[in-house]
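Please look through the sequence and the structure shown here. The paragraphs after them take the chain part by part.

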Amino acid sequence: MIKAPPGTKDILPPESEIWQKIEETARKIFKLYGYREIRTPIFESTSLFQRSIGEVTDIVEKEMYTFKDKGGRSLTLRPEGTAPVVRAYLEHQFPQKDQFQKFYYMGPMFRYERPQKGRYRQFHQIGVEVFGPSHPMMDVEVIAIQWRLFKELGIDNIEVVINSLGCEKCRPAYRERLVEYLRANRERLCETCQRRLERNPLRVLDCKNEGCRRVVREGPEITEFLCEDCKKHMEQVEKGLQQLGIPYRVDPFLVRGLDYYTRTVFEFIHKSLGAQNTVSAGGRYDHLVKELGGPDIPGIGFALGVERLVLILNARGLQEEKKPLYFILLGEDSLMKGMELMEKLRNNGIPVMWTGKTGSIKAQLRLANKKGASLVAIMGEDELNRHSIKIKNMETGEESEVKWEEVSSFLSSYYS
Ligand SMILES: [Zn+2]
Ligand SMILES: [Zn+2]
């Protein structure tokens, strides 16, 4: 038997209903903030990710699904959503036509990682990207969108963590001080971090290794190196969050796993998830558009891990939707009228389920039970002759015979 590849997962009902709920809620909220959907291809030129994410990152070094197509091009299944959106933004000349844009996207991303709880090789993200504004209040808005999304989905115990990564003016001094400090503590770092230290020292801050974390937390804090502009930016973000009543914590060691961030970065953390506890994250990327060959246009965005959100919602239990009316037609004669009746009910917004069976009532009721039907409609010869159907509530056992023309109104309160 052929199985799904390691690190991938089928999304089956009823779990797919949680996915729909998340997607619908996200779309609704993005609309509230004036964001519009963008859909980019699932694969891109490999160089796009090398240039945007950074050569010395785990993603580019180890985790990309890269392949040559039959035309000899090097292509990569997208490992994240921001670079493709920036690529599309430039390719379609938004900077010249209409620089200010608010986009959202949702879809699968791909990384070759060790599969573990809540982490897959094909995983799904929902995210936004804003191009144009450099104002700190846009950072606040982007954080507020996520906050609203979690609230609307009924998720509590979310912690908002923010930090500033500074800018090209102030980051070098911090970086220098950090490298100096890490070199002095080299033997306390894990092997990977000893390598990172020379090539990309900020990445050491991301290490999950306990020893490395201890070293990092005793080291220099970037917040003490911020230039006046960056400091002011951060203060404004904090003021904005306070104004909106969004609780947050500043973590001076928070960096994101990608090279392109500047100034504000943030993470939304949910404790129930254990080590992989980040549900949503992002930040400002004021130079990414330029680095990918465009003009100097600032940007900011976030991406949310749908699988992790599903884990949280799953643990909380699914709020069951009303099961469709389960139709039982007995004998070929009842089929024609039955089909017509079902369509009429659907015209009135009443969900109807039919299995394609016409066999004995006993067998069909057994199947209805197995399918968890709560309301069953039965039409056999007698009902057909009386122009009616029988409606049975499977939970209470209550039965009523209803005229064809009255079925919709009879059921409307149940399905409203
Ligand atoms: Zn700065
Ligand atoms: Zn380490």
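Which residues does Phe266 touch, not counting residues up to four places away in sequence? This is a predicted model, and in it Phe266 touches Ile143, Val160, Val161, Ile162, Ala281, Gly282 and Gly283. Phe266 itself belongs to strand 9, which covers residues 262-270. One of the residues touched is Val161; the C-alpha atoms of Phe266 and Val161 are separated by 5.5 Å, although the two residues are 105 residues apart along the chain. Is Phe266 buried or exposed? Phe266 has 25 other C-beta atoms within 10 Å, and a residue counts as buried if 20 or more lie within that distance, so Phe266 is buried.

The chain as a whole comes next. It is divided into two parts: domain 1 is made of 15-170 + 226-316, and domain 2 of 325-411. Between the C-alpha centres of domain 1 and domain 2 there are 48 Å.

Two helices, helix 2 (residues 46-53) and helix 4 (residues 82-91), pack against each other at an angle of about 110°, and their axes are 10 Å apart. Angles of 65 to 115 degrees count as roughly perpendicular, so helix 2 is roughly perpendicular to helix 4. On the side of helix 2 the contact is made by Leu48, Phe49, Ser52 and Ile53, and on the side of helix 4 by Ala83, Val86 and Arg87. Of the residues in this contact, 5 are nonpolar, 1 is polar and 1 is charged.

In what order do the strands of the open sheet run? The sheet has 5 strands in the order 13-12-14-15-16, with mixed pairing. At its edges are strand 13 (352-354) and strand 16 (399-403), each of which pairs on one side only. From one strand to the next, the twist averages 30°.

Within this sheet, strand 12 (residues 325-329) pairs with strand 14 (residues 375-379) in the parallel sense, over 4 bridges. Leu329 has Met379 of strand 14 as its bridge partner.

Helices also lie across these strands. Helix 13 (residues 333-347) lies across strand 12, strand 13, strand 14 and strand 15 (388-393), and runs at about 165° to strand 12. Helix 14 (residues 361-370) lies across strand 12 and strand 14, and its angle to strand 12 is about 165°.

Note on methods. Residues are numbered from 1 along each chain as its sequence is written. Chains are lettered from A and ligands numbered from 1 in the order in which they are written. This is a predicted model: local features need pLDDT of at least 70, side-chain atom pairs count only at pLDDT 80 or more; totals for chains, interfaces and linings use all residues. Domain bounds come from an automatic or database domain assignment. Two strands pair if DSSP finds at least two bridges between them. Axes are lines fitted to C-alpha atoms, for helices over the stretch in contact, and angles run from 0 to 180 degrees between N-to-C directions. Two residues are in contact if their C-beta atoms, placed from the backbone, lie within 7 Å. Angles under 35 degrees count as roughly parallel, over 145 as roughly antiparallel, 65 to 115 as roughly perpendicular and the rest as oblique. Ala, Val, Leu, Ile, Met, Phe, Trp, Tyr, Cys and Pro count as nonpolar, Asp, Glu, Lys and Arg as charged, and the others, Gly among them, as polar. A residue is buried if 20 or more other C-beta atoms lie within 10 Å of its own, exposed if 12 or fewer, and partly exposed in between; C-beta atoms are placed from the backbone.
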